Amino acid sequence: MGKRRAGRELLRSLSKKQKKHLREFGEEHPFYDKLLLLLLFKLMFSFQSEDSDKSSKESDSETEVEQVSGYHKLLATLKTSPESESEEEEDESESEEAEESEAEMGSEGSQNIGEAEEGEENKNDVPEEEEGTTDTAEQMLSQEQADGTDTSCDPHHGVIEEFTDVKHESEFSLETNFMEEESGDCNADSRDSNPFKQHMDKELEEKEIEKMSALPKTSSQSQWPRLGQVIFSSTLEKHKTFKADKEVDVKQLHLRKPLESTWPKVNKQFLSAVDKAIDSSFTPLQRELFCIMNSYRDLFYPERNALTNGEEIRHAYCLHALNHVLKANAQVLSNNAKRRDRKPGTDSDDYRDQGLTRPKVLMIVPFRECALRIVHIFISLLEVNDKKKIDVSNKKRFKGEFGSDPEEKPPNLKRPEDYEAVFAGNIDDHFRIGVAILQKSMRLYAPFYSSDIIIASPLGIRTVIGAEGEKKRDFDFLSSVEILIVDQADIYLMQNWEHVLHLMKHINLLPLDSHGVDFSRVRMLNLNNWSKYYRQTLLFSALQDPQINSVFNKHCFNYVGQVAIRNVPLTGSISHVVVQLPHVFRRLEADSITSVIDGRFQFFIDKVLPEYRDAIMSHTLIYVPSYFDYVRLRNYFKKEDLNFTHICEYTKKAAVCRARRFFLKGEKQFLLFTERFHFYKRYTIKGIRNLIFYELPTYSHFYSEICNMLKATDSGADATWTCTVLYSKYDAQKLAAVVGIDRTAQMLQSKKNVHLFVTGEN
C-alpha cells in the first residue's frame, strides 16, 4: 500500500509536460531525474579532462570521435534554455485547450483519456512487477518511427493533439516546385475559352463594387429540362440567354489532365443505358449542374436526395473543385519556371496568380463518412489507371480515422431508407482535414496554410475560428477561398445552424498576419479585399428553408451572379399518409416574422390546449420542431401541473424508454416530442390518438411519418384519431411541401381553419 501511495503522490507532483512524456514513453524524462543529471555532469567533466590528455589519440580513432559527438548530442537534449519555462507554460495551455475541445466532442473521448490515465496510475502502483514494460514501450516506439507510423493521435499513447503532416512540407510547396514538361502550360487555353482564367483574371472597378453593394439584384427565370425552374439573379451581368447544353463533350469543358480521361470511368456507375448510347459522360442532372458550376456562378440546389441523386451530385462538385485546384496550381508552377528563367529587371506584375493564403476550396460536409467519400473520389479522378497510382501520404491513417468499423454497426432496427442513407458509415460531426494536391501526389492532413482544399464539418471549422475574445483562434486561412461548397445544408439545421452563420461571417476577410506570402504574386483582387466578389458558393440541400435561403441571398456576392432552383411541389407529403385521419389546419395571425414565435405560443395555450385538457383527449403527442419552443412549453406544462412527459435529443435512453412506456399505458396524457430527436432516432411512438403539430416540420416527409405512427396503436378507435396543425402566412414553403402548392394558395387566401380528410389516396 505504501508503494501505491508513493506512486500516486509522485504522479500528482508531475507537471502536465512530465505527464505527457510519461504517457508517450512510459517513463519520466531524464531531464527531471536529478541523480541522473548529476551523474551526467560528472561524466561530462571527466570526459573533458580526458579529452585534453587524449587529443592526439582521438585524431587517429574515428570511433571515439563518433562516441563523443553522440554523447554531446545527448547532453544537448538535456540542457535547459532561457525559454524552457515559457515553453512549458505554452504546453500546459495547449493541453488544457485540447482537454476542453475533447470535452466538447463528447463523453466518449473523455472516458478514453480517463482510462489511459488510470492505466498509467496502475503502472506506477506496481513498478517492481513491470520493470520490462519500459524497454518494450521504447522498442515499440522506435519500431513505429522506423516504419514511418505516426502515433500522435493514438489514444493508446495518451496524446490528444491534432495531427498535421509536416513531413512532406517541401514536397508540396508551391513556391519551390515547377511545372512538369508533360503537364503542359496552363496558359495554353485562351482567356476567352477557359472559364477559370475568364473568371479569375477579370479586373473589377471601384464603380462596379459600389454598384454591387448598393443596388438590388435583377432576376430572370428559365425552364431547364432536368432542373426545372431556374432563377438567375445578378447586379452587374446583363441577363443573357443561358441554356444547358443538351450534349457535353468532355474535351470542350477545359478539364485539366488527367480529369479528361478519368472522369468518364469514375462516373460510369451513374450513367443510364440512354446516356451510354449517346456516349455521354454526364447524367442529365450532372450535365446541367456542371454547366452552372463551370460558369463560376453561385448555385443553390434544394433537391438533393441522399437516396437518389446525392452521390452523382457529390461527384459533379468534386470534379469542379479538383479541376479548379489543378488549374490554379498549374498556373503557379508554370509562373515559377518563368520567373526562374526571366531576365533581371522584368516586371513582376505579370505573375500575380495567388491569394493571400493558399487554401482555395472549402468543403463543408456533415459527417466523416462524407469526407471519406470525397477523398476517394479525388483519388479516383487523379489515377489514370491501375498502373499509374498516385502517391497519397497518410492514407492509412485517414482510413482509420474517417472510416467505420463494420463490427460497430447498430442493431438491426427498422429505420426508413433515407435514414440509413444519411447516417451511413462514420457519423462523427467534429472533424477537419487539409488536402494538398501537387501534380501526381496528394497530401492528407496538410496544415491549413499549406492546403489547397479544406474538408470540415461546421463544428470542426467553428472550433478553429473560435469566438471573439478567445486567445487561440484563427481564420486567416479562409481569406482567399475561391470556391465554397456547402453540401447537405439541411442537416446543419438539425446540428447547429449558428456554426454555419459564424463561418460565413469570417470567410474572405483580410488576414491578420502575412503568413510568409510573396506579395508580388498576390492578385490585386485579394489585396483590395474583393475576394468575396469572386468567390463561388455551391449550396446543396434536401429542402428549401428560410434560413438556408437567407445565407444564399445575404452572404453570396459573386459578380457573375447567382442561380437558384425554385421548383414548387405539386403534391405534398400528406398524400403519403396511409391512415384515415382528419387533418385540421389552424391559422394564426402575426404582424411580422419576429412576432410569430410569441403569437404561436399564445394561440396554442389560449385556443388549442384547452380543447385537449379533458381526460377523453388522452394520448396526445405534441410535435415541436424548435428546441426553444420545446423548453418554453415544458416549463409552462410544469407550471400548470399538467400530466405530461417529454422526449428531446438530450434525453437519456432510460428516460426515453420510461416516457414511451408511460405514454403508451396512458399514465401520461401529453408527450412533448422534438423534431431533432425524431431526426436522429426515428423511434416509432406507440399509443398516439391525438396529434398536434405545434409548427410544420422542417422535413416534409416527417409529417407523413408521424401521422403513420397512429397505425401502430392497436386500439381500433380510428374515429377518435385527430390531427391539428398550426401555421401562419410565413410558413408558405413548409405548407406547400405538406399539402401541395394548390391547396397552399387557397389556405393562405382564406383566414378560416381548413379541414382535410386523407384516406391514403389523396
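**Entry 1: words before looking**

On a 1 Å grid over the protein atoms alone, a pocket is an open set of points where a 1.4 Å probe fits, with protein on both sides within 12 Å along at least five of seven lines, and lining residues have an atom within 4 Å of a point. I am working with a predicted model, in which local features need pLDDT of at least 70, side-chain atom pairs count only at pLDDT 80 or more, and totals for chains, interfaces and linings use all residues. Residues are numbered from 1 along each chain as its sequence is written, and side-chain values use heavy atoms, with hydrogens and water left out.

**Entry 2: the second largest pocket**

I looked up the second largest pocket and found a volume of about 1,100 Å³ (the space filled by probe spheres set on the points, which are joined across faces, edges and corners). Its lining has 40 residues, and Pro302, Ala542, Leu543, Ser700 and Ala737 lie nearest the centre.

Which helix gives the largest share of this lining? I found that α28 does, with 5 residues. Helices here are DSSP runs of H or I with at least four residues, strands are runs of E with at least two, and both are numbered from the N terminus. Domain 1 and domain 2 (570–759) each give the lining at least three residues; the domain bounds come from an automatic or database assignment.

I sorted the lining into 17 nonpolar, 15 polar and 8 charged residues. Nonpolar covers Ala, Val, Leu, Ile, Met, Phe, Trp, Tyr, Cys and Pro, charged covers Asp, Glu, Lys and Arg, and the others, Gly among them, are polar.

**Entry 3: salt bridges**

Next I looked for salt bridges (a side-chain nitrogen of Lys or Arg within 4 Å of a carboxyl oxygen of Asp or Glu), and the count is 23.

One of them joins arginine 521 to aspartate 353, with the closest N and O atoms 2.8 Å apart. These two sit in loops, 168 residues apart. Are they buried or exposed? Arginine 521 is buried at 4% relative accessibility, and aspartate 353 is buried at 2% (buried is under 20% relative accessible area, exposed over 50%, partly exposed in between, with a 1.4 Å probe and protein chains only).

Aspartate 428 pairs with arginine 368 at 2.6 Å between the closest N and O atoms. Aspartate 428 is in a loop and arginine 368 in helix α15, so the pair ties together parts 60 residues apart in sequence. Here aspartate 428 is partly exposed at 24%, while arginine 368 is buried at 13%.

I also noted arginine 682 with aspartate 418, 2.9 Å from N to O.
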